[in-house]
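Open the model in your viewer and keep the selection panel at hand.

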Amino acid sequence: MKKTITLISFILITLCATAQEALVGRWTTIDDKTGEARSVVRIYKATDGLYYGKIEVLYVPEKYQNVVCEKCKGNDKDKPILGMVILRGMKADGNTLFGGSLLDPESGNFYHGKISLEKDGRLKLRGSIDKAGLLGRTQYWKRAQ
């Protein structure tokens with residue numbers, strides 16, 4: 001009986017770790033209005049055990065390449081958008097990241113965040129002004145090539 005419980009626990013831990021690793025990697029962000037690719041964000045697990053996402057590529061360089069976040073507050077104020085960490089302090093639960101914050105570099109605002117992997121392989125991001133996720137918007141990102 002003890003061996004069975006140990007085996008089941010090991011399988012569950014392995015499945016959870018695999019699902020979390022599916023969220024890690026490079027993701028192409030999509031413009032809500034035009035449907036075109038805007039940037040590539042790398043989601044990674046940091047040494048503190050939490051997940052973060054950093055802008056690595058901007059697809060509209062003439063518009064954003066040397067742009068700084070003028071509307072951001074605190075340490076992000078006037079920092080370049082390229083290289084900016086926009087997903088912060090997310091905790092993992094299976095194939096979902098939650099509990100952290102999402103930064104919109106255009107508005108400089110932080111939102112409560114929830115990120116999940118859809119069955120079709122897209123990443124679903126829900127940013128909201130309330131913790132329950134009722135007042136906000138959803139974006140879908142696709143895995144970067």
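**Stop one: the second largest pocket**

Select Phe98, Gly99, Gly100, His112, Gly113, Lys114, Arg126, Ser128, Asp130, Lys131, Ala132 and Gly133: they line the second largest pocket. β5, β6 (109-117) and β7 each give two or more residues to this lining. Its residues divide into 2 nonpolar, 6 polar and 4 charged. The volume is about 230 Å³.

This is a predicted model: local features need pLDDT of at least 70, side-chain atom pairs pLDDT 80 or more, while totals for chains, interfaces and linings use all residues. Residues are numbered from 1 along each chain as its sequence is written, and side-chain values use heavy atoms, without hydrogens and water.

A pocket here is an open set of points on a 1 Å grid over the protein atoms alone, where a 1.4 Å probe fits, with protein on both sides within 12 Å along at least five of seven lines; lining residues have an atom within 4 Å of a point.

**Stop two: the strands**

Show β5 and β6. They run antiparallel, joined by 7 bridges. Pick Ser101; opposite stands His112 in β6. Strands are DSSP E runs of at least two residues, and two pair if DSSP finds at least two bridges between them.

Now show β1 to β8. They form a closed barrel of 8 strands with antiparallel pairing.

**Stop three: the largest pocket**

Select Arg38, Asp104, Pro105, Arg137 and Gln139. Of the 31 lining residues, these lie nearest the centre of the largest pocket. Its volume is about 710 Å³. Finish on β8, which gives the largest share of the lining, 5 residues.

Terms used
Grid points are joined across faces, edges and corners, and a volume is the space filled by probe spheres set on the points. Helices (H or I, at least four residues) and strands (E, at least two) are DSSP runs, numbered from the N terminus. Ala, Val, Leu, Ile, Met, Phe, Trp, Tyr, Cys and Pro count as nonpolar, Asp, Glu, Lys and Arg as charged, and the others, Gly among them, as polar.
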